[in-house]
Amino acid sequence: MTTYTALAWRWQNRRLVTATADSVHLAFWLPCRRGVDAKGWRAPMTLGYRLGDAGPAVAEIRAKLARLGLLSDSGSDRFDEELDRAVRQFQQERGMSADGVVGPATYRVLDEARWRLGDRLLSYVVANPQVGDDVLALQQRLTELGFEVGLVDGVFGPRTGEALREFQRNVGLPADGTCGPGTFKALARLTPIVTGGRPDNLRAVEALRQAGKRLPGKIVVIDPGHGGQDRGNVGHGLEEAALVEDLAARVEGRLAATGVHTYLTRGVTTAELDEYSRAQFANDAGANLVISVHVDAHPNPAASGVATYFYGSDRLDRPGINSAIGEMLAGLIQREVVVRTGLTDCRTHAKTWELLRHTRMPAVRVELGYLTNHDDAARLAHPGFRDVVAEAIVVAVQRVYLPSHEDAQTGRLRLHDLTGN
Ligand SMILES: [Zn+2]
């Protein structure tokens, strides 16, 4: 299984690997571990380097963090306390889970962070989109100047290419969609015409309203987390992978009844999928929304409740990258689930997790209670409770498309109301 996962990751990143010579080392030998504590609580399978490791890959991680100024470059190849702190700081600044483990996702973001605007030519390459902090800076700049790039996610997609051409036409440059020296200069010269407000988000909300309030014809991808050998969190005799399959099926059935085309990212027997593949699946399906379903766990059995996550970052020097619709959907799911189930409200949070970032449509991840909490687990074990959760999610999806004056109070809308039209 280790081999499969490592290979799958290499396959996913084969272009990145060939494109960036110094990524090659890491790709070949990512260790795989599973943490089990005395009470039998099992952490989700994680893959990567952490405190205590050593070797050339660790030296490479150190060098990358040193270039970002998060670590002094000592030439060491040990994953020590200092590196652990630097990794956690980097993860926190980037809106990732600050677990101190350099797995594929953290490594990718670390690799992207070395690019500054002007370091290389940027353009839209269909088969191999460019990814990096320079792309993010370009998107932020174009957005400030009033051009629509879609999500400011650091991925050079078709909309960023269109926005760049539009910008080039506006300033009298050849509209070739390639950001080279002339375009860099023009970008630096211009003063933002848009100050305050979020033109990209206003456009996103407007596009959503124009998509119509009816659910029929919409495409929603439901992503049950984990799967295959990766069983996710475990507690009180429940397994996350199986539980979220059941929840996803309940959501799918209800959404189908409202006329929504629903796709699941995986079936019961599907082999393990990483977050990036799940995002690609949703992109290929042309989804309007993506909802990823998980249940949480914590070594402290008192931890309980529901939380939702959308694409974005709270980091001060990376302002304005939140997905407006993602945040709206997260808020609606959070409120509906809390009101209907009474689960503890652990609120909504901006994250840059791969599924949220690489999806071209609004995506939300919901963590529906803690398997390590006695009450949450007892409730999740009950099919009737899972029905209530599924209905809450479906109603939240409908409310995204309802004009605000027609929107019913949280917890009031019933599935029956949605299927009546
Ligand atoms: Zn999970």
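Keep in mind that the model is predicted.

Start with the whole chain. The secondary structure comes to 17 helices and ten strands. There are 421 residues, and 43% of them are buried. Now the contacts. Take those between residues at least 6 apart in sequence: 68% of them join residues at least 24 apart.

On to L71. Where does L71 sit? Its place is the loop between α4 and α5. Helix α4 covers 56-67, and α5 covers 81-93. Is L71 buried or exposed? L71 counts as buried, because it has 21 C-beta neighbours inside 10 Å, and 20 or more is what that class takes.

What does L71 touch, once neighbours within four places in sequence are set aside? The list is R62, L65, A66, E82, L83 and A86. One more distance here. V87 is 16 residues from L71 in sequence. In space, the two C-alpha atoms are 9.3 Å apart.

Next, A137. Which helix holds A137? That is α7, residues 133-144. Why does A137 count as partly exposed? Because A137 has 19 C-beta neighbours inside 10 Å, and a buried residue needs 20 or more.

To recap the two residues. L71, in its loop between α4 and α5, is buried with 21 neighbours. A137, in helix α7, is partly exposed with 19.

Terms used. Residues are numbered from 1 along each chain as its sequence is written. This is a predicted model: local features need pLDDT of at least 70, side-chain atom pairs count only at pLDDT 80 or more; totals for chains, interfaces and linings use all residues. Helices (H or I, at least four residues) and strands (E, at least two) are DSSP runs, numbered from the N terminus. A residue is buried if 20 or more other C-beta atoms lie within 10 Å of its own, exposed if 12 or fewer, and partly exposed in between; C-beta atoms are placed from the backbone. Two residues are in contact if their C-beta atoms, placed from the backbone, lie within 7 Å.
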